[in-house]
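Please look over the model below before reading on.

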Amino acid sequence: MQTLIVLVLMAISSAVMAADFYVAPGGQGAGDGSRGRPFATLEQSRDAIRALKSAGALPVGGVTVWLQPGIHVRSQAFELNAGDSGTATAPIVYRAAVGSEVRLHAGRQVKPTDFTAVVNPALVKRLDPAARGKLVQLNLAALGVAHCGPYPKVFNNGGGIIELYFNDQNMPLSRWPNQDSTTMEKVLDKGDWSNGPTRHGGVFIAREDRLARWPVDKGVWLEGYWRVPWEPQTVLVKSINAANREITFAEPVNAGIGSKYAKAGEKGDGKEPWCAVNLLEEIDQPGEWCIDFNSKTLFFWPPGDLSRANIYVSDLDQPLIILKEVSHVTLRGFVVEGGMNNGVEISGGASNLVAGCTFRNLAGSGVTVRGGLGHAVRSSDFYMLGHGGIYLSGGDRKTLTPAGHVAENNHLHHLGLRKKTYAAGIHIGAYGGTDAVGCRAAHNLIHDLPHAGVLYGGNDHLLEYNEVYRVVLTSGDMGAFYTYNDWTSQGNLVRYNFVHDSPRANAFYMDDGDSGDTIYGNVVYRLFYGPFIGGGHENMIMNNLIIETERAIHFDSRGVSRGYATNKNLTTRLLAAKVQEPPWSTRYPLLPKLLTARRDLPLENFITNNVTVRCKQTLHLSGKKEELQYSTVRDNLDLGTEDPSFVDAARLNFQLKSDSLIYKKLGSFKPVPFEQIGLQRDEYRTSIPPRTSGQSEDGKRGGVFDSNTDLQQSNKPVRNK
């Protein structure tokens, strides 16, 4: 307390100055927070700021807490509440020392000497021949590691076990096949997913004899897209009949195994991808590991010199940083890593900023924002995360009051390592149980994801100047930008984005009735579909440039065949929004009409002034002519194989030259500000990776996603801290 009083007096005596505190790894427990005697923990700096407030007020200019170089080990969340807020003129900043690497690290360190060789004959016999003499084992129970299984019977998010890191690289959990997937030969029984007495798991015939090696008594889990390409599940095996390659699950999956798209009367199509995970028998290459849940033992094939390695496991199940009802706090310039949960969680409050940070090696997501006003995530890097990158929600849909949250100039890649669908680079009010109004995502670079690049729902969002590529690598029926099943999700403007090299993806996917979006001035290159209207209303597809895409633009009347007039999800949201009253009735005048109109028909969509170049099909329509007649398709230009005069297509510069044939043939087409798309240099980001294209190794696979082996070197972002 005496130390805090001294600090308060020092701050008061220099009220016109900003206050500075210092925190260093291994700092003095009794330090005063000065540069020479730094605090040892963030909590000490937080308490010192509280003491400043209790003595009077924050100094003019605010407070900066300087984190000194090195690894700041975290064994619990660093929490700030409303009382820890700054003000607009006196913000509180937690930031890394300039020009240094500062790491907030939640991993549990493991010494090389904690490992022992695998010499038990019974264990050695189970190993792949290539792994014999190479594996080591680790007693997790003896180290006090909490999250070492077992898995749930069915899961889709990593199963709640630790991650293993070797020299800061995420090590791949053992699996078979190593990269590709196998498929079911035949489904014998889809399973019964009811809650009645007949509930049971599915049964199928595998294609390979390898399953005879797998010990069901020790736990065998299979991960696969058992029914649809957007819902992977990992399921416990009940029994294996090696003689006829028959596998029976211990639990059913939703709607049963066997492709939804199989022919009538068939239980599958033989193309459903799956793999086996976490098996000792399938460790057959350096880096792979597994856990024996019965003995709490980790088995590992080190990819390098174990004696000199830095090894840790993620065992902290809290977020590293939590801001509850906090305002005017900045987190700047440090690395957040090593936890089993999210990196930063912000709820409520206003005007907080996360800038120039790196989020990596987390089993959860990077930054989540729920509620509040005007929070921003800027110029930060996100990679090797178990879930998604940035989640934004907030605002008030009843009054259409915007949240004003921003995700800007971030680099997000190699996400969804454990939750392989609905773990996008950026989520805005989608699939999280909360709404969003008036958020912005701009100048982000998003790539190498198993599922969507951007998921969004809600109202009045601005998604602009983003570059998205190599997405939807292993899932299906998904968009680079994706929104879903809501007539009232209106007013979203998606403009000036560059989406490329994602042949399994639709560029802008307004699925199952989603309505009221404007897709304007975007560039699409080498996708399956470009803009895609799935039966919704009042979507505007205008002034887009679509190049070498399988089907350039899609528009359908699925609402008729799928009964959208009485669809529970769609009608419930329509009625709940009070669309006959302001602000809804004035902001979105079509919505009141849907109360009495044929809302199963796609009404008042406009597809106009778009240009297609070297696309196999320029306009893909699905539905009867009389069902599509209430929307407008006109004044689009198909250039075919004619030269549009790009500045440098070989280097993915699709800016049009001033004498482009497009301007001559379609005079109403407006230039796309292509040179402004993507990452920008600013005070937090001083270097930008070169634009790249083509298919990664992931893109060549057809199965279950595992990008651990694909990330090479983007792990050292250059920062101006």
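The points below go through strands, a helix, a loop residue and cavities.

1. Basis. This is a predicted model: local features need pLDDT of at least 70, side-chain atom pairs count only at pLDDT 80 or more, and totals for chains, interfaces and linings use all residues. Residues are numbered from 1 along each chain as its sequence is written, and side-chain values use heavy atoms, with hydrogens and water left out.

2. Start with strand β29, residues 358-362. Strands here are DSSP runs of E with at least two residues, and helices are runs of H or I with at least four, numbered from the N terminus. Five of the five residues of β29 are buried, so the strand is largely enclosed by the rest of the structure. Buried means under 20% relative accessible area, exposed means over 50%, and partly exposed lies in between (1.4 Å probe, protein chains only).

3. Partners of β29. Two strands pair if DSSP finds at least two bridges between them. Strand β26 (residues 335-337) runs parallel to β29, joined by three bridges. Strand β32 (residues 381-385) also pairs with β29 in the parallel sense, over four bridges. Thr358 of β29 has Val335 opposite it, and its bridge partner in β32 is Asp381.

4. Four strands lie in the order β8-β9-β22-β21, with antiparallel pairing. The edges are β8 (116-117) and β21 (289-292), each pairing on one side only. Strands β9 (residues 136-139) and β22 (residues 297-300) are linked by four antiparallel bridges. There, Leu138 has Leu298 of β22 as its bridge partner.

5. Another open sheet. Four strands are ordered β7-β23-β11-β12, and the pairing is antiparallel. Its edge strands are β7 (107-110) and β12 (169-170); each pairs on one side only. Four bridges connect β7 to strand β23 (residues 311-314) in the antiparallel sense. Val110 stands opposite Ile311 in β23.

6. Helix α6. Which residues of α6 (residues 568-576) are buried? They are Leu570, Thr571 and Leu574. They cover an arc of only 90 degrees around the axis, which puts them on the same side of α6. The arc is that of the directions from the helix axis to the C-beta atoms. An α-helix has 3.6 residues a turn, so residues three or four places apart point the same way. The face turned away from the buried side carries the exposed residues Lys568 and Ala576. The cover over the buried residues includes α8 (590-593).

7. Ends of α6. At the start, a side-chain oxygen of Asn567 reaches to within 3.1 Å of the backbone nitrogen of Asn569. Just after the helix, Lys578 takes a positive phi of about 55 degrees.

8. A loop glycine. Gly395 sits in the loop between β33 (390-393) and β34 (406-408). Is Gly395 buried or partly exposed? Gly395 is partly exposed, at a relative accessible area of 37%. Leaving aside neighbours within four places in sequence, Gly395 is in contact (heavy atoms within 4.5 Å) with Thr401, Pro402, Ala403 and Val437. The C-alpha atoms of Gly395 and Arg370 are separated by 9.4 Å, and the two residues are 25 apart along the chain.

9. Cavities. The structure holds four cavities of 30 Å³ or more. A cavity is a set of points, on a 1 Å grid over the protein atoms alone, where a 1.4 Å probe fits but cannot get out; lining residues have an atom within 4 Å of a point. Grid points are joined across faces, edges and corners, and a volume is the space filled by probe spheres set on the points. The largest cavity has a volume of about 240 Å³. Its lining has 21 residues, of which Leu173, Glu223, Val277, Arg418 and Lys420 lie nearest its centre.

Technical notes:
A polar contact is a pair of N or O atoms within 3.5 Å; within protein, one must be able to donate a hydrogen and the other to accept it, and residues adjacent in sequence count only if both atoms are side-chain atoms. On a 1 Å grid over the protein atoms alone, a cavity is a set of points where a 1.4 Å probe fits but cannot get out, and a pocket is an open set with protein on both sides within 12 Å along at least five of seven lines; lining residues have an atom within 4 Å of a point.
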